[in-house]
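Student: I have a model on screen and want to learn how to read it. Can we go through it feature by feature?

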Amino acid sequence: MKGPEGHVFACFHPVSGPLDLTLLSEPPVTAEEAAAVAAEAEQKAEELAEKIELTKAEATDEAEATEAADATESADAPEDGKPEASDAAAEADDAATGDAKDEAKAEEKAEAAAEEADAEAAEAEAAVVAKATAVVEAAEAEAVAATVATPREESKAAPAAKASRPLLEVVDLVKEFPVGGGAFSRNKAVVHAVSGVSLSLGYGETFGLVGESGCGKTTLGRMIVGLEKPNSGRVTLDGTEVGSLRGKALRRHRRDLQMMFQDPYASLDPRMRVGAILREPLQIQSIGSAQEQMARVSELLDEVGLPKSALERFPHEFSGGQRQRIGLARALALHPKVIVADEPVSALDVSIRAQVLNLMKRLQASHDLSYVVISHDLAVVKYLADRIGVMYLGKMVEVGSGQDIYERAAHPYTAGLLEAIPVPEPELERAKRGGGIKGELPSPVAPPSGCRFRTRCPLAQDRCAVEEPAMRLFGDGHAAACHFPLQTPVSDTPVTVATPAGTAE
Ligand SMILES: Nc1ncnc2c1ncn2[C@@H]1O[C@H](COP(=O)(O)OP(=O)(O)OP(=O)(O)O)[C@@H](O)[C@H]1O
Ligand code: SF4
Ligand SMILES: [Mg+2]
């Protein structure tokens, strides 16, 4: 196709419209077109089949009629008188020969017609098969496209239903980091990294966590997998409170919670070969013999699409995408139930991102995994997550499905985040109301009173400074914490842990 001034490109579905639609080859059959052609071909085949039946019936009628006429003729012939008899016999012979000829002719005719019709029918059938294949292929292509474009809440109804009993429950987690002041200073400042965050994760579900840099996403993720000890709050996995476990039981339980890091290069020991990196968790947990561990390592490489030769290589010998595959393989080594993926594709370029995200999805289905995916990129979270949690300055401000968040955001911060996503069309970009969130994130050392978002919120009122808003339900599983929300809540009763269905206190 040709674009403006010598700009030519080879693409059936270009991003911007071409000036000249001269095609270099036949365009692909769309599902509708293929279906129409197939229907037409099927009708033709039916008509031909009818025609065959008719021709055969006609031929049979003709033959029967001839037979009947012969019988009548021979019955009418006189029995006495030789000449007459011989004449009659000769006539009968002739007639019989003629009849036989006629019959043979009729049969031949019928056969020829049937053959012709059969050939036509076969042709039509072939056309039907070809078009049906095209329909299936087009439908498959459409399904693939839909899988890529469809938000998870539409494509993954089953896990959402399964999630009615949470696999993971995080209740009121708090993490404060002491900063500044000397070691013996009484007035140490505290970073309020995570301030009472609750969430739940269903079996096979993906929970996406979004929010600005510094809002506490990584700290929350690290507390979930046990890499950071919370000041208060609890994490419950499969009915067992992780904080109550000690020693061997804790070590056993930790297998079920793994983390995938943003920068796979930093998280992989550069002095270790990939084989040793992948084997390490199995050795630490004393799982299997050396031979079994090596077999598992090979299996892991297969699962993430890396060649066996990777075993002997060092992390620096791989591309970013391959390193993230190694990180994913390591997270999978112990057959975990939950993987917390912290910015899994932020360090990768766009084309590699899709590969890693699709690999994560594939492995989730084959390993019955649940993910907590942390990202500042709303598109990544929308693509992967069944439900999304929006964090602001150490607090969870809104939780809901992708549709809740994208189409009926209740919290002004969520709406601001969505406004900040650039739109490729200049007119739509100009038509945006607020253009995102204004101002800087306040210091987590001294967060604002009341609603932490109030210093940047366009809807803030006096009440927002003195009273912290509680989470309220705005629909099934959709909750937000705001005194003056953008949507009408379904109930004013505060909710605590936002389970897939929401739990009223
Ligand atoms: N070990 C620590 N000591 C002191 N402060 C910390 C520590 N770890 C995190 N913080 C602070 O806690 C807050 C939350 O940090 P965190 O890394 O969880 O944010 P984040 O949402 O993951 O940000 P980003 O998107 O940039 O990764 C930040 O203000 C950070 O400076
Ligand atoms: S509670 Fe007030 S300040 Fe906070 S988001 Fe709602 S309107 Fe804005
Ligand atoms: Mg982080």
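Tutor: We will take strands, helices, backbone angles and ligand shells in turn. Keep in mind that this is a predicted model.

Student: Which residues of β3 lie on each side?

Tutor: Thr-206, Gly-208 and Val-210 are on one side. Phe-207 and Leu-209 are on the other. Both faces are covered.

Student: In which sense does β3 run with β8, parallel or antiparallel?

Tutor: β3 and β8 (residues 370-374) run parallel, joined by four bridges.

Student: Where does Asp-386 lie?

Tutor: Asp-386 is in the loop between α12 (378-384) and β9 (387-392). Now compare sequence with space. Asp-386 and Gly-204 are 182 residues apart in sequence, but their C-alpha atoms are 9.7 Å apart.

Student: Follow β9 onward. How many bridges pair β9 with β10?

Tutor: Six bridges, in the antiparallel sense. Met-391 stands opposite Met-396 in β10. The two strands form a hairpin with two residues between them, and in this hairpin Leu-393 takes a positive phi near 45 degrees.

Student: What else does β10 pair with?

Tutor: β10 is joined to β12 (residues 478-481) by two bridges, and these strands run antiparallel.

Student: What is the order of strands in the open sheet of four strands?

Tutor: The order is β2-β1-β4-β5, with antiparallel pairing. β2 and β5 (240-241) stand at the edges with a single partner strand each, so one side of each has no neighbour in the sheet. Look at the β5 edge. β4 (residues 232-237) pairs with β5 over two bridges. Leu-237 has Thr-240 of β5 as its bridge partner.

Student: Now helices. What describes two packed helices?

Tutor: Two values: the angle between their axes and the distance between the axes. Take α8 (residues 274-284) and α9 (residues 290-303). They pack at an angle of about 125 degrees, with axes 9 Å apart. The two helices are therefore oblique to each other. The crossing is right-handed.

Student: At what angle do α8 and α10 cross?

Tutor: At roughly 25 degrees, and their axes come within 8 Å. That makes α8 roughly parallel to α10. The crossing of α8 and α10 is right-handed. α10 covers residues 320-332.

Student: Back to phi. Where is Asp-172 placed?

Tutor: Asp-172 is one case, with phi near 50 degrees. Asp-172 sits in strand β1. With 15 other C-beta atoms within 10 Å, Asp-172 is partly exposed.

Student: Is Glu-343 buried or exposed?

Tutor: Buried, with 20 other C-beta atoms within 10 Å. Its phi is positive, about 45 degrees, although Glu-343 is not a glycine. Glu-343 lies in the loop between β7 (338-342) and α11 (350-367).

Student: Finish with the ligands. Which residues come nearest to ligand 1?

Tutor: Read a ligand shell in steps: nearest residues, then elements, then classes. Of the 14 residues around ligand 1, Phe-177, Ala-193, Ser-213, Thr-218 and Thr-219 come nearest. The elements giving two or more residues to this shell are β1 (168-179), β2 (189-201) and α5 (217-225). α5 gives the largest share, three residues. By class, the shell has six nonpolar, seven polar and one charged residues.

Student: And which come nearest to ligand 2?

Tutor: Cys-451, Arg-454, Cys-457, Cys-464 and Cys-482, out of 13 residues around ligand 2. This shell divides into 10 nonpolar, two polar and one charged.

Methods:
Residues numbered from 1 in each chain as written. Chains lettered and ligands numbered in written order. Predicted model: local features only at pLDDT ≥ 70, side-chain atom pairs only at ≥ 80, totals over all residues. Near = placed C-beta within 6 Å. Nonpolar A, V, L, I, M, F, W, Y, C, P; charged D, E, K, R; others polar. Buried ≥ 20, exposed ≤ 12 C-beta atoms within 10 Å, placed from the backbone. Pairing = 2+ DSSP bridges. Axes fitted to C-alpha atoms, helices over the stretch in contact; angles between N-to-C directions. Parallel < 35°, antiparallel > 145°, perpendicular 65-115°, else oblique. Left-handed = near helix turned anticlockwise from the far one by under 90°.
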